[in-house]
Amino acid sequence: MPSLDTLAKIKKLNHNGYGFVSTNHFHKGLDYRTFLRHLSEVGDDEDCILHFRLATNGSICRANCHPFVENGVYFAHNGVLNVYPVGDMTDSEIAFRTMVYPAIKRYGYGSQEVYRLINSFIGYSRFALMYRGEVRLYGDYTKINGVYYSNLRWL
């Protein structure tokens, strides 16, 4: 888990919503203190995906915070995707609901077909998925002290 100091630095740059999923917990919302309170319940033995949103499209609201979830599959995204806008949904949610999740449903979580699909359109983005406690990362992540980061702008 990143330190509180690291989380505060990330929040300064990405302050439009906060969310996480771990082996036993899920939370997303707009209040940073509430996010931290829920995050403090995550055990050291739990895998966890954290997401701090910087809104690029879609309004700033809880519904547009990551991770998105469908039938136990959780999805967080960093970057901008070239997808056709649908209402107030983010590009991340559109990609998850129309491409990523349907492929997982058809071919299975972690399958080569899903891997190939994601790599066909991910570009410079990064995806983090969790299903039944198993995390899969797609794109260029950097590992620092056991934590994978999708970008290092906060350094």
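Buried means under 20% relative accessible area, exposed means over 50%, and partly exposed lies in between (1.4 Å probe, protein chains only). By that rule Phe 52 is buried, because its relative accessible area is 11%.

This is a predicted model: local features need pLDDT of at least 70, side-chain atom pairs count only at pLDDT 80 or more, and totals for chains, interfaces and linings use all residues. Residues are numbered from 1 along each chain as its sequence is written, and side-chain values use heavy atoms, with hydrogens and water left out.

**Around Phe 52**

- Phe 52 sits in strand 3. Helices (H or I, at least four residues) and strands (E, at least two) are DSSP runs, numbered from the N terminus.
- Contact means heavy atoms within 4.5 Å. Leaving out residues up to four places away in sequence, Phe 52 touches Leu 7, Ile 10, Lys 11, Asn 14, Gly 17, Tyr 18, Tyr 32 and Phe 35.
- Phe 52 and Tyr 149 are 97 residues apart along the chain, and their C-alpha atoms are separated by 11 Å.

**Nonpolar cores**

- In soluble globular proteins, nonpolar side chains tend to be buried together.
- A nonpolar core is a set of buried Ala, Val, Leu, Ile, Met, Phe, Trp, Tyr and Cys residues joined through side-chain atoms within 4.5 Å.
- The largest nonpolar core has 17 residues, and Val 100, Ile 118, Phe 127 and Leu 129 touch the most other members.
- Strand 5, helix 3, helix 4 (112-121) and strand 6 each give two or more residues to this core. Helix 3 gives the most, with six residues.
- Another core lies apart from it, with twelve residues, among them Ile 10, Tyr 18, Phe 35 and Val 147.
- Val 100 touches Phe 75, Ala 95, Leu 117, Ile 118, Phe 121, Phe 127 and Leu 129, not counting residues up to four places away in sequence.

**The largest pocket**

- Rolling a probe the size of a water molecule over the atoms shows where empty space is left.
- On a 1 Å grid over the protein atoms alone, a pocket is an open set of points where a 1.4 Å probe fits, with protein on both sides within 12 Å along at least five of seven lines; lining residues have an atom within 4 Å of a point.
- The largest pocket holds about 1100 Å³ of space. A volume is the space filled by probe spheres set on the points, which are joined across faces, edges and corners.
- It is lined by 47 residues, and the closest to its centre are Ile 49, Leu 50, His 51, Tyr 148 and Tyr 149.
- Strand 3 gives the largest share of the lining, five residues.

**Cysteines**

- A disulfide is a pair of cysteine sulfur atoms within 2.5 Å. The structure holds zero disulfides.
- The sulfur of Cys 48 is 15 Å from the closest cysteine sulfur, in Cys 65, so it is too far for a bond.
- The sulfur of Cys 61 is also too far for a bond, because the closest cysteine sulfur, in Cys 65, is 7.0 Å away.
- Cys 48 is partly exposed at 25% relative accessibility, and Cys 61 is partly exposed at 22%.

**Backbone details**

- The peptide bond from His 66 to Pro 67 is cis, with omega near 0°. Pro 67 is in the loop between strand 3 and strand 4 (68-70).
- Arg 132 is not a glycine, yet it has a positive phi of about 50°. Arg 132 lies in the loop between strand 6 and strand 7, and it is exposed, with a relative accessible area of 75%.
- Asn 145 also has a positive phi, near 50°. Asn 145 is in the loop between strand 8 (142-144) and strand 9, and it is exposed at 81% relative accessible area.
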